[in-house]
Amino acid sequence: MEINELRGKDYKPLGEKDLDQIVDAVYRLLTEIGMEINSKKARQIFADSGAEVDDETKRVRLPAGMIDEALESTPSNVTLWGREERHHLQVGENRVYFGTGGTVLNVLDLESGEKRKINIDDVANISLLVDYLDNIDFLVIPVYPDECEDKNVDINRFYHSLKNTKKHIMGGIYSTEGIDEVIELASEMAGGRDKLQKKPFISFITCVMSPLVMDETYTDFLIKIAGEGLPLAIPAEPLSGATGPMTIAGNIALMAAESLAGVVLAQQINPGTPVLFASTASALDMKQALYITGEIEMGLMHAGLAQLAQRLKLPLYSTAGMSDAKVPDIQAGYESAMTNLITGMAGANFIHDAAGLLEMCQTVSYEKYVVDNEIIGMAKRAIRGIEVNEDTLAFDTIERIGPGGEFLTDEHTYRYMKTEFFQPEVSDRSPREKWEEAGSKKTCERANEMARDVLSSHKPAMSDKEMKELAALNDKIIRQ
């Protein structure tokens, strides 16, 4: 099985003593303060496993031994399968993957550039675009179509995504019935539920509420998915200065405790459940009391969380690449680049939200998916680092060419010219004269053209015939 071996190891904002203190704080948060757990099912599971449970206050405190046992039973590496071998992901250690994310309601229209509501066509088109963009490794379904209600959104989001990409698909869910419908759809595609469990090409997201709350709905979703043995991520989202401490270290500790509570619950239900320790932690802009996503401190948080996940030997669902810009402009570029780069260099595993998101995660842009694909490609090249061996040192080549010679026509140059340097598709590296002759197009214009070309020419992952057969399984599916 081919597995990407891009590994981040070069950025470590936390020292070993720092990590010791954070781990201690996480355990104390769970053992001394505990979680408010609003699911009666979950409280009973914890009580049966030996946790201290107060049903009146809904407070649950976890014994340290229970946390230790859960860490032992949680897989350190989780394989998230694609529907082609090149799209398989082994999430864990310091392997690095970048993908999409969000549950966004608005899009910048590809034709007019105006902001409008998301529709079913956008779910399909974004999936198709992501399928083409080589540096984006997976699809977390990033948008919520306006014509869908909670009762039919799950099946529609997964159906139209599965139709258009063979990359691994993860998504949030909105109803228990929706979970059943999506699993039935994917099982039909896999050739049976047992085959889906062995090679899951879909996975799910549940949530923990900051600070220290597991709500009834998402916790019951967690219980159901863990019982199915399918992969799930359990993110918490403390906002520095609002639902979490202002300090980065405090936010990391809080988030880690919250997600770890979900990890522990999943292991009580089904030991060995493939679960991702997970974070969408960000911050509040204290000048305006607004949620923000493009701050460099988000990158710091998730780089620190990557180190913590590696210490705990947990696979990490992480966050980077978002922007507070309203259009895919220079601000969008530098905000996305900085957080993607440092989070990846720290070895965060499943870095979602890394492409397409604008306006504090309220809007997506087709052009930004294209540009972010390029940013991610550059970040991956930096993370890969410099390969040093006898051939790359090129001593024999230098000796052969000698003083005053040229390397342009040498076979050594030919051998490395396509792999040693990142090859962009959107960036313009031509002389000004050629750029002007081509219409003096800005990056966003070139990205718009590329997105249009892809959507008009790239083939969906499944044929119309195949998808019609699957659509017949559920009358809630909205046709394009």
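1. Surface patch. Patches are made of residues with over 30% relative accessible area and no salt bridge; like charges are joined within 9 Å, and nonpolar side chains (Val, Leu, Ile, Met, Phe, Trp, Tyr) within 5 Å. Areas come from the Shrake-Rupley method with a 1.4 Å probe, and for residues only the protein chains shown count as cover. A salt bridge is a side-chain nitrogen of Lys or Arg within 4 Å of a carboxyl oxygen of Asp or Glu. Ile386, Val388 and Leu393 form such a nonpolar patch, with about 360 Å² of accessible area together. Val388 sits in the loop between helix H12 (366–384) and helix H13 (390–393). Helices (H or I, at least four residues) and strands (E, at least two) are DSSP runs, numbered from the N terminus. Val388 is exposed, at 59% relative accessible area. Exposed means over 50%, buried under 20%, and partly exposed in between (1.4 Å probe, protein chains only).

2. Basis of the model. This is a predicted model: local features need pLDDT of at least 70, side-chain atom pairs count only at pLDDT 80 or more, and totals for chains, interfaces and linings use all residues. Residues are numbered from 1 along each chain as its sequence is written, and side-chain values use heavy atoms, with hydrogens and water left out.

3. Nonpolar cores. A nonpolar core is a set of buried Ala, Val, Leu, Ile, Met, Phe, Trp, Tyr and Cys residues joined through side-chain atoms within 4.5 Å. The largest one here has 113 residues. Leu260, Phe277 and Leu308 have the most contacts inside it. Helix H9 (residues 248–269) supplies the largest share of this core, 12 residues. Apart from it lies another core, of 14 residues, including Val91, Tyr97, Leu276 and Tyr317. In soluble globular proteins, nonpolar side chains tend to be buried together.

4. Around Leu308. Which residues does Leu308 touch, not counting those up to four places away in sequence? They are Leu19, Ile22, Val23, Ile252, Ala256 and Phe277. Contact means heavy atoms within 4.5 Å.

5. The open sheet. Eight strands form an open sheet with parallel pairing. Their order is S6-S19-S18-S15-S13-S11-S10-S9. Two strands pair if DSSP finds at least two bridges between them. The edges are strand S6 (97–98) and strand S9 (139–140), each pairing on one side only. Within the sheet, S15 (residues 275–279) and S18 (residues 316–319) are joined by two bridges in the parallel sense. Phe277 stands opposite Leu316 in S18.

6. Strands S14, S16 and S17. Strand S14 (residues 239–240) pairs with S16 in the parallel sense, over two bridges. Ser240 stands opposite Ala283 in S16. S16 and S17 run antiparallel, joined by three bridges. Here Leu284 stands opposite Tyr291 in S17. The two strands S16 and S17 form a hairpin with four residues between them.

7. Backbone points to check. Most residues other than glycine have a negative phi, and most peptide bonds are trans. Ala289, in the turn of the S16–S17 hairpin, has a positive phi of about 55°. Ala289 is exposed, at 53% relative accessibility. Glu359 also has a positive phi, near 55°. Glu359 lies in the loop between strand S20 (357–358) and strand S21 (363–365). Is Glu359 buried or exposed? Glu359 is buried, with a relative accessible area of 14%. The peptide bond from Ser210 to Pro211 is cis, with omega near -5°. Pro211 lies in the loop between strand S11 (202–205) and strand S12 (213–214).

8. Salt bridges. The structure holds 29 salt bridges. One joins the side chains of Glu16 and Arg311 (2.9 Å, N to O). Glu16 is in helix H1 (residues 16–33) and Arg311 in helix H10 (residues 296–312), so the pair ties together parts 295 residues apart in sequence. Glu16 is exposed, at 52% relative accessible area, and Arg311 is partly exposed, at 30%. Lys476 and Glu181 also meet in a salt bridge (3.1 Å, N to O). Lys476 lies in the segment after helix H18 (464–471) and Glu181 in helix H6 (residues 176–190), so this pair too ties together parts 295 residues apart in sequence. Glu181 is buried, at 10% relative accessible area.

9. A buried histidine. His412 lies in helix H15 (residues 411–416). His412 counts as buried, at 11% relative accessibility. Leaving aside neighbours within four places in sequence, His412 is in contact with Asp391, Ala394 and Thr397.
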